[in-house]
Amino acid sequence: MSFLRRLLGDRTPVGFTGALSPGEEVVDSAQVEGGGHLVVTAWGLWVPAEGGARRVGWHLVAKATWADGVFTLTESAEVGTAGSAVVLADLPPVRFRLPAPGKVPREAYQRVEGSIRSRHRQEIGSGGAWFVQRKVPGRDGSVLQVRPDPGTDVALVEAIAEQVAAKLVNPAE
C-alpha cells in the first residue's frame, strides 16, 4: 500500500498522526528512532509529540542541525509583542535520531533559510538581540521577530523592536 500511495503522489508516511491543513502536502519524511516521523511540508516541520504529531512553522524554527545521524531542532516560542514585532525565546533543543534521513535535513535547512527575508544582530548593553524578518507560511508579507540573548534587558529590546517595526511599516517616518 505504501508503494501505491507514493506512486500516486502521496508522501504522507504510514502511521502519521498529524492533521495536515487543506493544501498542505508532504515534501519528505523520515522515521524517528523510537517512533513517529519528522515530516516536511511547505508550512512547517511535523515532529512526534505526546498525543500525536504537531507542526512547528518554519518561522518558529530557530535552528535545525544535522550531525552524526541526529537531527536537532531548536524551536522558538512567541513570548510577547513590541508594536507589530514578535518577541521570541528559544525552547530547549530536541534531538531526533533518524536511521534513514533521506532529504529531511536538507529540506528543513532550505525551508528555514527560505523563510528569512533579512537578519541583523544588534549588540545591546552587555548582551544583544537578533532582529529577523521572516515569511510566515500561509500569510502574505513578513513579520519582524526579535530574539533577545539571555540576560539582555528585554524592555530595551522591545522598545527598539517597536521602533524598527514602525519604520518597516512606514519607511518615510
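Biologist: Is Glu 123 buried, partly exposed or exposed?

Modeller: The model is a predicted one, and the values are computed from it. A residue counts as exposed when its relative accessible area is over 50%. For Glu 123 that area is 52%, so the class is exposed.

Biologist: Which residue forms a salt bridge with Glu 123?

Modeller: A salt bridge requires a side-chain nitrogen of Lys or Arg within 4 Å of a carboxyl oxygen of Asp or Glu. Here the closest N and O atoms are 3.1 Å apart, and the partner of Glu 123 is Arg 121.

Biologist: Which residues are linked with Arg 121 in a network of salt bridges?

Modeller: Besides its bridge with Glu 123, Arg 121 forms a salt bridge with Asp 149, where the closest N and O atoms are 2.5 Å apart. This second pair links distant parts of the chain, since Arg 121 lies in strand β9 and Asp 149 in the loop between β11 and α3, 28 residues apart. The residues linked with Arg 121 in the network are Glu 123 and Asp 149.

Biologist: Which strands hold Asp 90 and Arg 147, the side chains of which meet in a salt bridge?

Modeller: The N to O distance in this bridge is 2.8 Å. The pair ties together parts that are 57 residues apart in sequence, because Asp 90 and Arg 147 lie in strands β7 and β11 respectively.

Biologist: Of the residues that line the largest pocket, which lie nearest its centre?

Modeller: The pocket holds about 460 Å³ of space. Nearest the centre lie Ala 62, Lys 63, Asp 90, Trp 130 and Arg 147.

Biologist: Leaving aside neighbours within four places in sequence, with which residues is Ser 142 in contact?

Modeller: Ser 142 lies in strand β11 and, at 41% relative accessibility, is partly exposed. Ser 142 and Ile 116 are 26 residues apart in sequence, while their C-alpha atoms are 8.9 Å apart in space. With those neighbours set aside, the contacts of Ser 142 are Arg 117, Gln 133, Arg 134 and Lys 135.

Note on methods. Residues are numbered from 1 along each chain as its sequence is written. This is a predicted model: local features need pLDDT of at least 70, side-chain atom pairs count only at pLDDT 80 or more; totals for chains, interfaces and linings use all residues. Side-chain values use heavy atoms; hydrogens and water are left out. On a 1 Å grid over the protein atoms alone, a cavity is a set of points where a 1.4 Å probe fits but cannot get out, and a pocket is an open set with protein on both sides within 12 Å along at least five of seven lines; lining residues have an atom within 4 Å of a point. Grid points are joined across faces, edges and corners, and a volume is the space filled by probe spheres set on the points. Helices (H or I, at least four residues) and strands (E, at least two) are DSSP runs, numbered from the N terminus. Buried means under 20% relative accessible area, exposed over 50%, partly exposed in between (1.4 Å probe, protein chains only). Contact means heavy atoms within 4.5 Å.
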